Amino acid sequence: MTPPYRVGDELPPLEIPVTRTLIVAGAIASRDYQDVHHDAASAREKGSPDIFMNILTTNGLVGRYITDHFGPTAVLRKVAIRLGAPNYPGDVLRLTGRITELRTADTSSADTSSADASSDEVVDAVEAIEAVVQVTGGNGIGRHVTGTVAVTLPEPSAKRAGA
């Protein structure tokens, strides 16, 4: 059975080595052919010390972080991010997250964010259908990404089985 979640729960961090291959592959996969994402000389001509990761790759990595935690049947409903310090090759992106809101089936538009994060109130995974997670990601030069992700939680196995 899926564990219960609480507002204030911290997700375990995820560290992702930022390689040239990751930067270039992410840009190609997202059809972002801007030279600053694959050509170091062009990036330097434009004032950057090296190629850097595009926002679509960062967006995908944030999504991966959430589904790695909640499972492959979790559904990303909304991802809203803002970039800060660039991700350059040779650095490490460290993603962290905290649940800021839980929504339940009987309160589809209401939330439990008013619950004090230090309280013992638990919204069981049987009840919670959606979570909102505040995500941050930093690297060696600062904060790379901040944002929120709304995710539909997977149904607990007992509920899927009709129990």
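The protein chain has four helices and five strands, where helices (H or I, at least four residues) and strands (E, at least two) are DSSP runs numbered from the N terminus. Along the sequence they follow the pattern β-α-α-α-β-β-β-β-α. This is a predicted model, in which local features need pLDDT of at least 70 and side-chain atom pairs count only at pLDDT 80 or more, while totals for chains, interfaces and linings use all residues. Residues are numbered from 1 along each chain as its sequence is written, and side-chain values use heavy atoms, with hydrogens and water left out.

**Whole chain**
- Of the 163 residues, 39% count as buried (under 20% relative accessible area, with a 1.4 Å probe and protein chains only).

**Asparagine N87**
- N87 sits in the loop between β2 (75-83) and β3 (92-104).
- N87 is buried, and its relative accessible area is 0%.
- The side chains of N87 and H144 form a polar contact of 3.2 Å (a pair of N or O atoms within 3.5 Å; within protein, one must be able to donate a hydrogen and the other to accept it, and residues adjacent in sequence count only if both atoms are side-chain atoms).

Definitions and conventions: Buried means under 20% relative accessible area, exposed over 50%, partly exposed in between (1.4 Å probe, protein chains only).
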